[in-house]
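Q: Can you walk me through reading this model, feature by feature?

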Amino acid sequence: MNKLFSIGFWSAVARFILRNRTLLLIVIAAITIFMITQWQYMRFTYTEANLLPDDHVVNVEYNKFLDKFGEEGNLIIMGVKDSTLFTPKNFKAWTALSSKLKTYEAVDLTLSVGDLKKLKKVQDSTSFALVPFIQDSILSEEALKDYKYELFNKLPFYKGLVYSPNKQGVRTAIYLKKDIINTALRRDFIVEDLIPAIENFEEETGINVHTSGMPYIRTLNSQNIIDEIGKFIGAALLVTSLIFFFFFRSFRATFISMITVIVGVIWAFGILGLLKYEITVLTALIPPLIIVIGIPNCIFLINKYQQEIQLHGNQAKSLQRVIAKVGNATLMTNVTTASGFATFILTNSKLLSEFGIVASINIICIFLLSLFIIPIVYSYMSVPKTKHLKHLNKRWIGAFVDWTERMVREHRIAIFIASILLLCGSIIGMFQIKISGSIIEDMPKGEAFFEDIKFFEKEYEGIMPLEILVDTKRKKGVMKLATLKRMDELQEYLEEIPEFSKPLSVVDLVKYSKQAYYNGNPEYYQLPNSQERTFILSYAKNSAKSTNLLSSYVDTTGQYARITVFMKDTETERYDRLEEDIKTKIEKLFPSDRYEVTMTGKALVFQKGTKYLVNNLVISLSLAILLIALFMAWMFRSFKMILVSLLPNLLPLIITAGLMGFLGVPIKPSTILVFSIAFGISVDDTIHFLAKYRQELIANNWKIKKSVYAALRETGVSMFYTSIVLFFGFSVFTISSFGGTVALGALVSVTLVFAMLANLLLLPALLLSLEKEIANKKTFKKPALQILEAEEIPEEDT
């Protein structure tokens, strides 16, 4: 019954497509035009990917911090390590650069040596005033030398903020307006105003300027993502078209296939716009992925069409058989591939969920486009000539298929031993895999802004913001001396950690206030004692409003304070230990009945997000395996067959995980994708092989060995062709400047090669060794789903 339904359904689909070919082309063209109109709604991401669900406790705490103090990643820094800066000409140019940047609408304020302010006690008043650090209008080298000495030796408040802890360099801090941080205005300022201004300064003075800060890094990183989309699409089209032409030696077939996948790319961009999703480092991979996954569909359809033409020469009959037979097979393989991507939807991570939704939708779309466009276009063309069919008679691939058959026939034990050894070695490697929660690890190592990150890590001990939010549970509790002392002790503890920069908080302002009260003597840069408390804190509070120094570190009620520290790029294991130690210190310093202290900031959110994704990797991969297992159960109705079909697809994943451990490739958001993607694609070969094996069993009266070898020779060529396309197609991603994308492309490519070998060697070896247990009429005679007819697998020459 199922068989008759399947045959009848696909015959009806074939008739519908060929009878309505003009209408269908018009519909496809109309949809394509509609998708192009949706491009205007595509948005490039202006924020770091938040890998955690909105209701996750880490996100809740981070949003609480943002509610109190606003966006914390609004600082851009320009650093110089050059002794010639403190010469009149260069210093004037440096000051002019800061003054110019301050005039832009996107900039809230700048903090530079040239326009630096210092606290000074106002006589006959209980307040301080901010006075210019440099008061001379015309500067001599001697005067600059004196100012440099005063800055480095008498103003500890600006240590790590304006001058480097080693006193070798200075920097300018540019604070952007918080309401433009996550908008296109940020990009416009950085690309059109900041970078040209810095380049002009460098050209004028010959001094190299290092620029960094989260807004700057995010902008240039996003620009790299945008630039790489076109590079990936072009490379994917070039590689797949060359391989396709090598297989078919036909410009016509190659052109039709390229048109099909290009339409698929247009739809991919259109769906991104239609769903209003941002283009991230992951969703940017979807258009080239569609090309890579779409070409094997074209290979199956065109190859089958040419085989039919060679067999009987009837074009109408050939096209109908292509749709009715290969269409069914490619539907199932595309569904399993889409399922591998769709498992990301259930991760509760917005980044992965959007990637899973768009990728799975587009895989089904490229299947439909292939099924419609290729038969319809060929129906308008003349019947292929003999020269177009020559590739069907080539013999070069025969050696590979002969080798696989010889291995299965004569060296089955060796296959099992090799598989077990690979499994054991890979398990050892798996335990060496590390988790990476680094924000910058996947960034382009060759870009100038990455070198600048390393410069600031070395000179200023970090640029990734980590925040500590102190809730005193009462209004004006922050300015209590007891609170300030606790915060000061915590800051001293943080400053001793080599991965952290000098912390900054209201404590530093109070210390600076005491120094100013004692006429700027740096020896008094410390918290007031109990005798000084009343009048020093009174000075600090009264000057806070006029100087505006407190607003960034204490909320308007005086109940909440923040301690900001910048951290170096730190390994996840080390970060976990640091976090645990810091929390222990916090618990000791801040009694829970009087204070609530939380660690937050972008650095912590990203670290936690990576861990969350690793946990979800197990869930998504398990779900993918479950979906495929259910599909196999529905198809073959045999638990043993489920195990036999899954083993050849799980082994390549384990081998890849082992390689990651041995090669030092960490688990991170980009490499997490490898396993579900590769599993969803590699299982296609298993479906083709087992379906053909079932047909051969029926045709050969349940003769096991004859059926295995026949299925192997029949499907070996198809597996080889599609694996070659997928291998080189995914290898395209290795040209990326993003480390994660390179790892993704290389790992998926390697996994698919192992999957092909496992399905050509291990799978038939298992079938032959377990023939009595799994290969019987009950298992195969009446499958729940009729996938392939006796001729369905494209019969490339063997």
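Q: What does the secondary structure of the protein come to?
A: Start with the kind of model: this one is predicted. The protein has 25 helices and 11 strands.

Q: How many of the residues count as buried?
A: Read burial from relative accessible area; under 20% is buried. Of the protein's 798 residues, 59% fall in that class. The protein exposes about 32400 Å². Carbon and sulfur atoms supply 58% of that area.

Q: What share of the contacts join residues at least 24 apart in sequence?
A: Take contacts between residues at least 6 apart in sequence. Of these, 80% join residues at least 24 apart.

Q: Which residues have the most contacts inside the largest nonpolar core?
A: A nonpolar core links buried residues through side-chain atoms within 4.5 Å. The largest one here has 249 residues. Leu151, Tyr158, Leu194, Ile468, Ile677 and Phe730 have the most contacts inside it. Helix H11 (residues 350-379) gives the most to this core, 16 residues.

Q: What is Leu194 in contact with, leaving aside neighbours within four places in sequence?
A: Its partners are Ile76, Met78, Leu101, Ile174, Phe189, Thr211 and Tyr216.

Q: Which residues of H12 are buried, and what covers them?
A: Gly398, Phe400, Val401, Thr404, Glu405, Met407 and Val408 are buried. Their cover includes helix H13 (412-430), helix H22 (704-731) and helix H23 (739-769).

Key:
Residues are numbered from 1 along each chain as its sequence is written. This is a predicted model: local features need pLDDT of at least 70, side-chain atom pairs count only at pLDDT 80 or more; totals for chains, interfaces and linings use all residues. Side-chain values use heavy atoms; hydrogens and water are left out. Buried means under 20% relative accessible area, exposed over 50%, partly exposed in between (1.4 Å probe, protein chains only). Helices (H or I, at least four residues) and strands (E, at least two) are DSSP runs, numbered from the N terminus. Contact means heavy atoms within 4.5 Å. Accessible areas come from the Shrake-Rupley method with a 1.4 Å probe; for residues, only the protein chains shown count as cover.
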